[in-house]
Amino acid sequence: MNHGVQQRWTGLAASALLILAACAASSVASVLPAAASARTSISIDGSRDGPVFGGIGALSAGGSTRLLVDYPPKQRSTILDYLFKPGVGAALQILKVEIGGGTNSTDGAESSTEAVEGQVTCNTGYEWWLMEQATRRNPHITLYAEAWGAPGWVGEGAGTLHTASGIRYTISWLRCAQQHGLSIDYLGGWNERPYSLDWYKQLRSALDSNGFRSVKIVGGDGTTWSIAADVARDPALAKVLAVLGTHYPCEGGDGGTATTCFSPASALAAGKPLWASENGSLPLNTGAPAMVRTINRGYVDGRLTASVNWPLVGAIYQNLAYGDRGLLLATQPWSGHYTLGLELWATAQYTRFTAPGWRFVEGASGYLGGTESNGSYVTLRRPGGRDYTTVVETTTAREKQAVRLHVGGGLSTATVHVYGTDLRSSSPSRWFMHVTDLAPGHGSFGFIARPGWVYTLSTLSSSAKPVVAVPASGNMTLPYADSYDHEAVGSAPRYLANQQGDFQVRPCAAGRPGRCVRQMTPERPVEWDGDSSPYATLGGIGWTDYTVSTDVLLEQAGAVQLFGRVGSQARAKPAAINAYVLQVDESGRWAVLKRSTAKAPVVLAAGRSAPFGTG
């Protein structure tokens, strides 16, 4: 089963997951004067250009988007509008995706375009579809890609992506992007793993010689700023890297509070844009204040000019560790139900009023009253124009903050539109509200910011939140069966979520007509997160009693496993999962096992039947 099993599943009838495996509210701002604990004067001089704004985005990786593609067309289109369409929801400016490698990369494994060297299939997985949908809604969106793992052949026996094969694999993936009409803007290395300076240089040379001169390289993409010191020591490296990116650069790191952020002097001296190329890992509602701080304070403290949130959506089964993360949750494709998160509307406070290529305004970003605990503010302006936007956050403030802005340097003195989100409220009516409009007098105006809010003050206005009916939540109904004959070759089977390995729809073998599900990873991949035999999940968390059957073809010696009553999966350990397992190998040996997130599997029963056989 570990070496290319073909499967056809029928008669899925009624617990947890089934697994098939191979080993406008009241006004909240007012014109000054009003009682407040601290007063801040912000001077916005349009002639004082700061760094270029890279944008605000989100990351589809780690299997986090898996169930979205299976939503009913109406709800799927609405969700995509909320994510990418300007003026609707998050209006994302950057979409970062995983270059799939058939290995678990947090909450799942994403399909590879070249599981076997030289056998390229450009329609595997769902990231191509996602990028196509994003660019259809926003042709100006920035596309950024990075690998977490790769097929075993890429590692050349060394278990690393930093090989000549890794460069060929990346170029092949970029050619697939071209076939999909996609132009990739930025390319990272090996996500959160040691990088190779020589590999970056070789990659740049290969990109140039293969027609990808426009693709820029992001250096580092780890959880430290060590790449900055390397750039300082190596002029050749500095020449090939366009951006220095780090992950979770704020207080607490992954999932932290982000009350303060950091970039070292070596990064600031590198002369490169500095990006928080992955942030987040926080629940879709309670994580919003930290998200806002990583954006504002990331610039104030560390001159970080772009931020990418992981995950884009939480479209995974809820037994997984990060099931409540994302700008929205889309966990029920069978019902069409989804949940918009506070993080989505906090993102809109930036993206609706800025664009990549805008400039930060020097001297117009800092802490309210000069004190971190009061909150922070950042200001950007449109290049070659008069529009500007200031974002004020008071996420750590205990009292109201009085803010007065003074505008000059050729910027507009027209009406300023104020939008706000109450980050301490659980009511969606308090998220992304049009608060008020302010009329500057002699280029000056003020307002009172309440604690726990993010405010956008801009010469640009924005459309209101759409009102869309969301289908009711419901469990996956039984009986359920699927022949897969209606699905495209290379696609992810409906509702089936790879956890390790790569299960794809393929033509059946051994004289059987139609389509089956085949495990495509022929050898141990260059892994990122944990080690286990290939397996994939399918089913409903709310099931309480069921029977399952599946037809299986073993192409060579190995074993097949069928899991039931699946519960939680340990974080970063795909092999550690609560489930009961029936295992059969080609000789007919069978066992019933009890698996656990904390203990070794326990054999409940075992025996031997007639040989299962191969082929």
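Two bridges join strand β16 (residues 366-367) to strand β17, and the two run antiparallel. Tyr-367 has Ser-376 as its bridge partner in β17. The model is a predicted one, in which local features need pLDDT of at least 70 and side-chain atom pairs count only at pLDDT 80 or more, while totals for chains, interfaces and linings use all residues. Residues are numbered from 1 along each chain as its sequence is written, and side-chain values use heavy atoms, with hydrogens and water left out. Helices (H or I, at least four residues) and strands (E, at least two) are DSSP runs numbered from the N terminus, and two strands are taken to pair if DSSP finds at least two bridges between them.

Strand β17 also pairs with other strands. Strand β15 (residues 359-361) is joined to β17 by two bridges in an antiparallel arrangement, with Phe-360 opposite Leu-380 of β17. Between β17 and strand β18 (residues 388-393) there are six bridges, and these strands again run antiparallel. Within this pairing, Val-378 has Val-391 of β18 as its bridge partner. β17 and β18 form a hairpin with six residues between them. In the turn of this hairpin, Gly-384 has a positive phi of about 75°.

The burial of β17 was examined on both faces. A residue counts as buried under 20% relative accessible area, as exposed over 50%, and as partly exposed in between (1.4 Å probe, protein chains only). Six of the six residues of β17 (residues 376-381) are buried, so the strand is largely enclosed by the rest of the structure.

Four of its five residues are buried, so β25 is largely enclosed by the rest of the structure. Five bridges connect β25 with strand β26 (residues 515-519), and the two run antiparallel. Pro-507 stands opposite Arg-515 in β26.

A closed barrel of eight strands runs in the order β5-β6-β7-β8-β9-β10-β11-β12, with parallel pairing. From one strand to the next, the twist averages 25°. Axes are lines fitted to C-alpha atoms, for helices over the stretch in contact, and angles run from 0 to 180 degrees between N-to-C directions. Strands β11 (residues 274-280) and β12 (residues 304-310) run parallel and are joined by five bridges. The bridge partner of Ala-276 in β12 is Ser-307. Helix α5 (residues 226-233) packs on the sheet, where it touches β9 (216-222) and β10 (241-247); contact means heavy atoms within 4.5 Å. The direction of α5 makes about 155° with that of β10. Helix α8 (residues 288-302) also packs on the sheet, touching β5 (55-60), β11 and β12. The direction of α8 makes about 155° with that of β12.

Backbone geometry was examined at several loop positions. The peptide bond from Trp-310 to Pro-311 is cis, with omega near -5°. Pro-311 lies in the loop between β12 and β13 (328-332). A cis peptide bond is also found from Leu-478 to Pro-479, with omega near 0°. Pro-479 belongs to the loop between β23 (453-458) and β24 (497-500).

Positive phi values occur at two alanines. Ala-91 has a phi near 50°, a positive value in a residue other than glycine. This residue is in the loop between α1 (73-84) and β6 (94-99), and Ala-91 is buried, with a relative accessible area of 7%. Ala-258, likewise not a glycine, has a positive phi of about 60°. Ala-258 is in the loop between β10 and α7 (265-268) and is buried, at a relative accessible area of 3%.

Turning to the surface, Ser-209 lies in helix α4 (residues 197-209) and is exposed, with a relative accessible area of 59%. Ser-209 and Gly-125 are separated by 84 residues in sequence and by 28 Å in space, C-alpha to C-alpha. Leu-604, in strand β32 (residues 602-608), is partly exposed, with a relative accessible area of 48%.
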